[in-house]
Every structure is written in C-alpha cells, then in structure tokens.
Amino acid sequence: MNYRKLGKTGFEISEISLGTWQIGGKWGSDFSDKTAEETINTAIDKGINFIDTADVYEAGLSEAAVGRVVRSRSERVFVATKCGRQINPHTAENYTPEALTGYVEESLKRTGFEALDLIQLHCPPTNVYYRPEIFETFQKLKDQGKILHFGVSVEKVEEALKAIEYDNVETVQIIFNLFRQRPSELFFEQAKKKDIGIIARVPLASGLLTGKFDKNASFDKEDHRNFNRNGEAFDKGETFSGIDFERGLKAVEELKKLFPEVQNLAPIALQWILKFPEVSCTIPGASKEEQLLSNLSIYDRRELSKEKIKEMNKIYDEYLKHDIHHRW
C-alpha cells in the first residue's frame with residue numbers, strides 16, 4: 001500500500017481507501033453487519049487506513065459498523081463521515097447550524113468516537129456554499145473538540161471552487177474518474193495552491209469501469225443504477241457518472257480493446273486516477289471482500305505507460321467529453 005498526505009489535515013492515508021455506501025450488501029439488498037465487519041477488517045489488514053462513510057448510508061448502519069470495527073483495532077484508522085443529506089426536503093433553506101450540529105452529535109453516538117476525524121457536508125444544494133454561517137458552524141464544532149477536520153463532498157467543480165474559498169475547508173470529495181475528467185483542470189490547480197486534500201469518489205463510475213456490464217445488465221429495484229439514471233432521486237451525476245449507460249458501454253468496449261488480456265478493468269481505472277499527484281486517495285466501494293481485493297489488485301499490475309494513458313484519454317474525448325465535460 002502507498003500513502004499520501006490528505007492536504008492540510010496532515011493525515012497520511014492509503015491512496016486506495018474504502019468507500020462504504022454499499023458495504024454490507026450490494027445496493028438494494030439488506031444490510032449485513034457480518035459482511036460489513038469482515039470487509040472493513042480485511043481492508044485494515046491490507047493496509048487501508050482511511051474509510052469514508054455517511055450518516056445516511058443504510059440509515060446509519062454503515063456508520064455504526066465502521067465505528068465498531070475501527071474501535072476494535074489497534075491501528076490508527078482515519079474515518080470520514082458526512083452529514084446533510086438526511087435533510088428533507090433537501091433545500092438550502094433547511095440547512096441550519098442547529099440541524100448540522102445535531103447530525104454531528106448523532107454521528108458521534110453511532111460511531112462511538114470522542115471526535116470525528118473528518119466531517120464533510122454531503123453534497124448540499126449549491127446555495128449552501130454561499131452561506132458563511134454554515135461553514136462557521138463547523139469551525140465552532142472544531143473549537144469544541146467534536147471534530148478534528150472539516151471538508152465537503154460536492155457534485156460540481158464550481159461548488160468545489162467556492163468551497164475552498166473558506167479557510168476551514170481542508171478536503172474536497174469530488175467525482176473523478178476516466179469518464180469524469182473535468183476536475184483535473186482548474187480545480188486541481190487551485191486545490192494544490194491551497195493544500196486541499198482531494199478524495200476521488202465514484203472512481204469506477206458506479207461499476208461501469210469494471211467492464212463487467214453489457215446492455216442486458218439488470219439492477220435491483222432499489223439500486224440507484226436502476227431508478228436514478230435520469231436523476232429522478234438525486235443528482236444524475238452520481239449514477240454512472242451521469243453518462244448514458246449504452247454510450248458508456250461503447251466507451252468501455254474501446255477500453256477493453258486497449259487491454260485485451262484483462263478481465264477486470266477496475267484496477268486499471270484506479271491506476272489512471274492515481275497518476276494525478278493532486279489526488280490524496282480514491283474511495284472505491286466494496287459490498288464484500290471479493291470486490292475489495294479486486295480493487296487492491298492494482299498493486300499486482302505494471303504502471304500504465306504514457307502511451308496507454310493517452311489512448312485512454314482519447315476514448316473519453318471521442319465518446320464522452322462532449323456530453324459530460326461541461327455539466328459537472
């Protein structure tokens with residue numbers, strides 16, 4: 001495992017970390033504490049020391065499982081959680097210092113931690129980024145010792161750029177992968193200047209970049225890849241990175257031609273992300289140990305050549321950039 005600095009936090013974290021949106025069972029299935037705990041323990045055994053969760057993942061069960069396992073281990077494992085998405089209706093007006101403070105208190109109880117290593121606003125409406133009192137709330141929580149560091153999880157590059165204008169924002173979690181390349185332009189440049197930790201989320205474009213899907217792929221009724229392809233439930237960009245599924249499959253077929261000997265494209269997609277030194281870590285999800293080990297097989301591969309990277313980027317330019325690049 002390789003480690004990188006998470007911006008101003010000073011945390012040295014595993015470049016391949018663990019996202020827990022679907023831990024304990026695939027999207028739409030029942031949550032299994034046993035599966036979740038086994039997967040988290042295996043991640044730590046393999047050198048992962050940064051885990052990302054949220055209070056809304058499995059209605060708090062994910063957050064609680066992460067807390068249980070981390071508290072049972074002797075290693076220093078950094079935990080990032082998120083708050084805000086449980087606000088209903090999810091509007092900027094309903095973001096209040098009182099509500100957010102309450103959510104932090106609830107996360108502390110669920111995890112069993114004395115302080116949260118990193119709390120992140122969870123993809124709030126754009127107008128929230130223009131309300132200084134919201135960002136001041138987290139400074140007060142830090143002063144009270146309830147959180148150690150504060151960051152944001154965003155949908156759009158513009159939101160990320162606005163967020164890092166606040167001095168107490170130390171990390172930004174943003175969708176970044178081979179099929180979502182815009183963050184690597186102005187945002188990465190500005191984040192580097194301000195020593196912002198960058199957490200690359202949705203690194204496999206909701207599984208599209210594993211190369212395991214075809215046009216006949218079906219998903220559970222409760223799986224966002226089934227019900228949110230056009231943004232019916234939340235931002236469309238969360239599902240397959242906002243890409244039209246069939247167009248994405250065509251791009252993946254071109255990617256397979258570059259790596260004809262490879263059955264699983266996930267490690268290659270992760271390698272592409274980690275070629276950017278501005279990225280502190282990426283957080284592929286894993287619903288079970290098998291997927292976790294697949295992600296970590298990146299270390300069994302040779303580095304991507306400049307020629308391969310150029311060809312990979314060409315696929316993005318030809319198949320996806322026109323539809324995707326300007327949107328997020």
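I began with E8, H6 and E9, which together form a right-handed β-α-β unit. A reminder to myself: this is a predicted model.

**Entry 1: around E9**

I looked up how E8 and E9 sit together. Strand E8 (residues 171–175) runs parallel to strand E9 (residues 197–201), with 5 bridges between them. I noted two of the residue pairs: Val172 is opposite Ile198 in E9, and Ile175 has Arg201 as its bridge partner.

On the E10 side, 3 bridges join E9 to E10, again in parallel. Here Ala200 is bridged to Thr282 in E10.

Is E9 buried or exposed? I found 5 of its 5 residues buried, so E9 is largely enclosed by the rest of the structure. Both faces are covered: Gly197, Ile199 and Arg201 are buried on one side, Ile198 and Ala200 on the other. I was glad to have Arg201 on that list, as it is also the partner of Ile175.

Helix H6 (residues 186–193) lies across E8, E9 and E10, and I noted an angle of about 145° to E9.

**Entry 2: the whole sheet**

Next I wanted the strand order. The sheet is open and has 8 strands, in the order E3-E4-E5-E6-E7-E8-E9-E10, with parallel pairing. Which strands stand at the edges? They are strand E3 (18–19) and strand E10 (279–282); each has a single partner strand, so one side of each is left without a neighbour in the sheet. For my own reference, strands of a sheet pair through backbone hydrogen bonds, either parallel or antiparallel.

I then moved to strand E6 (residues 116–122). Here 7 of the 7 residues are buried, so E6 is largely enclosed by the rest of the structure.

I checked its pairing on both sides. With strand E5 (residues 78–83), E6 pairs in the parallel sense over 4 bridges, and Cys83 has Leu121 as its bridge partner in E6. With strand E7 (residues 147–153), E6 pairs in the parallel sense over 6 bridges, and His122 stands opposite Ser153 in E7. From E6 the chain reaches E7 through helix H4 (residues 132–143), in a right-handed β-α-β crossover.

E5, helix H3 (residues 97–111) and E6 make another right-handed β-α-β unit. As for H4, I see it lying across E5, E6 and E7, at about 155° to E7.

**Entry 3: helix H1**

I tested the length of helix H1 (residues 33–45). At 1.5 Å a residue, its 13 residues should span 18 Å, and the end C-alpha atoms are 18 Å apart, which agrees.

Which residues of H1 are buried? I listed Ala36, Thr39, Ile40, Thr42, Ala43 and Ile44. Just after H1, I noted Gly47 with a positive phi of about 100°.

**Entry 4: cysteines**

How many disulfides are there? I get a count of 0 disulfides. To see why, I looked at Cys83: the closest cysteine sulfur is in Cys123, 12 Å away, which is too far for a bond.

I finished with the backbone. Most residues other than glycine have a negative phi, and most peptide bonds are trans.

- I found a cis peptide bond between Asn88 and Pro89, with omega about 0°; Pro89 is in the loop between E5 and H3.
- Glu58 is not a glycine, yet its phi is positive at about 50°. I placed Glu58 in the loop between E4 and H2, where it is partly exposed, with a relative accessible area of 28%.
- Ala205 also has a positive phi, near 50°. Ala205 is in the loop between E9 and helix H7 (224–227), and at 0% relative accessibility it counts as buried.

Conventions
Residues are numbered from 1 along each chain as its sequence is written. This is a predicted model: local features need pLDDT of at least 70, side-chain atom pairs count only at pLDDT 80 or more; totals for chains, interfaces and linings use all residues. Side-chain values use heavy atoms; hydrogens and water are left out. Buried means under 20% relative accessible area, exposed over 50%, partly exposed in between (1.4 Å probe, protein chains only). Two strands pair if DSSP finds at least two bridges between them. A crossover is right-handed if, with the strands pointing away from the viewer, the path from the first strand over the helix to the second runs clockwise. Contact means heavy atoms within 4.5 Å. Axes are lines fitted to C-alpha atoms, for helices over the stretch in contact, and angles run from 0 to 180 degrees between N-to-C directions. The expected span of a helix is 1.5 Å times one less than its number of residues. A disulfide is a pair of cysteine sulfur atoms within 2.5 Å.
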